[in-house]
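Thanks for coming, everyone. I have one structure to walk through today. Let me put it on the screen.

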Amino acid sequence: MINIIEKRDKMVAAFTLNNISWKRILLFLLIILVPNYLVMQVQLVGPVDDLVAIGTAIDLVIILPLAIYFLGFKKRVSWLALCAFIFWGLLLANWIIPAEADRYLTYFNKSVIVLEVSVILLEAVLLIAIIKRIPLLIKNYHEEKERHYHFLISLSAATERTFTFKNEKLNKFKLILRILATDIAAVYYSLFSWRKKAPALENGRTFTFHKDGGYQGVFFMLVHAMVLEVIAVHILVAQVSHVAAWILTLFDVYALLFIIADYQAIRLSPVVVDDRGIHFQKGVRQYGFIEWEKINAIRKNEKSPKEVAKDRESISLALNGMEPEPVPYVLDLTKPVEIRQLFGFKKVIRSIYVRMDQPHLFHETINEHLKKRGC
């Protein structure tokens, strides 16, 4: 099994978009940020002084970050997020509070600087610990590569083995490493994989799922659109700010590389079926390993593309063109299985919808292995 399932830390949850309570955060911004802006900048109640500014600083640096941290998420996130919220609150305070009323703001600035330096020192200590284990990580990666074939699966398993600490709170930093692994994969696949070929296996079969369909056309359309966006956005924003233009251009270029990397990873990472189970990596978006003991059956899929898209307890190993196409088969699992999604976030699934370039051969191969398991 490629993932050593961690004990779930109840106080720390993955920072995902689904975990954010957008309405609550918007409410906090309206009732805290807007009134302070009107008092400080518009001076709605008259000229402001140092004492009034203290109230604004407390609201933006302490109250607003705490409100967002404790009430703005459906599950608790890392305390590092709170440090980030405090830092942004301080920036807002320095922007909103006018110069004639910022006498006491310097105390907040110094306090937050001390906090941020402490966090940086902690991260430096963790970085040193990580660097010391890099040789072991490389060794574990090569061992996992022999077992799991694909880059992201192998690196994820190697990370679990290398950076599992006795202190459970330290184990949550493995998420940072998985995010870093996605970035490394994006750079590798987009820039350094063009001469690579899909793996040839001695034991097991490989199945591609990107050749039959219109996804290649979608890919070229996305690349073309992103190139035009990079140029257009840079020219437009540069008329206002050259610094902002280059910052946005860097983000756009990264997004472009990510799209290219995802396609290259799909092309070079076919689904592998061997005696142990099914290994898959869908670009840089999803990856996992399903043992035969956890697969109940493969059957014809009777759901429409819209119904498949709405199934939250599944993933789809299928690529579409401009229009969604029917997915012929679905793998039913005997029990929930944990796989990894973009940036290493976890997802628990109960089924996998599949559309391979050789659908009938894939169906026959799966059934052969399931019959062996039943013997």
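Start with helix H1 (residues 22–42), which supplies the largest share of the nonpolar patch, eight residues. Helices here are DSSP runs of H or I with at least four residues, strands are runs of E with at least two, and both are numbered from the N terminus.

Before going on, the ground rules. This is a predicted model, so local features need pLDDT of at least 70 and side-chain atom pairs count only at pLDDT 80 or more, while totals for chains, interfaces and linings use all residues. Residues are numbered from 1 along each chain as its sequence is written, and side-chain values use heavy atoms, with hydrogens and water left out.

Back to the patch. It covers about 1100 Å² of surface, and its members include Leu 26, Ile 31, Tyr 37, Val 45 and Trp 95. Patch residues have over 30% relative accessible area and no salt bridge; nonpolar side chains (Val, Leu, Ile, Met, Phe, Trp, Tyr) are joined within 5 Å, like charges within 9 Å. Areas come from the Shrake-Rupley method with a 1.4 Å probe, and for residues only the protein chains shown count as cover. Take Tyr 37, in helix H1. Tyr 37 is partly exposed, at 33% relative accessible area. On this scale buried is under 20%, exposed is over 50%, and partly exposed is in between (1.4 Å probe, protein chains only).

Next, helix H10, residues 242–268. Ser 241 caps the N-terminal end of H10, with a side-chain oxygen 3.2 Å from the backbone nitrogen of Ala 244.

Now salt bridges. The whole structure has 10 of them. The criterion is a side-chain nitrogen of Lys or Arg within 4 Å of a carboxyl oxygen of Asp or Glu. Lys 139 pairs with Glu 143, the closest N and O atoms being 2.9 Å apart. Both lie in helix H5 (residues 134–148), four residues apart, about one turn of the helix. Lys 139 is partly exposed at 47%, and Glu 143 is partly exposed at 33%. Asp 274 meets Arg 276 at 3.3 Å, N to O. There, Asp 274 is buried at 5%, whereas Arg 276 is partly exposed at 31%. Shared partners also join Lys 139, Glu 143, Glu 144, Arg 147 and Arg 161 into one network of salt bridges.

On to strand S6 (residues 314–317), where we find Ser 314. Is Ser 314 buried or exposed? Buried, at 5%. Its side chain reaches the backbone oxygen of Asp 311 at 3.0 Å. A polar contact is a pair of N or O atoms within 3.5 Å; within protein, one must be able to donate a hydrogen and the other to accept it, and residues adjacent in sequence count only if both atoms are side-chain atoms. Ser 314 also touches Val 308, Lys 347, Ile 349, Ser 351 and Tyr 353, leaving aside residues up to four places away in sequence. Touching means heavy atoms within 4.5 Å.

Last, the loops. Tyr 149 is not a glycine, yet its phi is positive, about 70 degrees. Tyr 149 sits in the loop between H5 and helix H6 (151–162) and is buried at 17%. Phe 343 also has a positive phi, near 65 degrees. Phe 343 is in the loop between strand S7 (329–340) and strand S8 (346–354), and is partly exposed at 23%.

Methods
Expected span 1.5 Å × (residues − 1).
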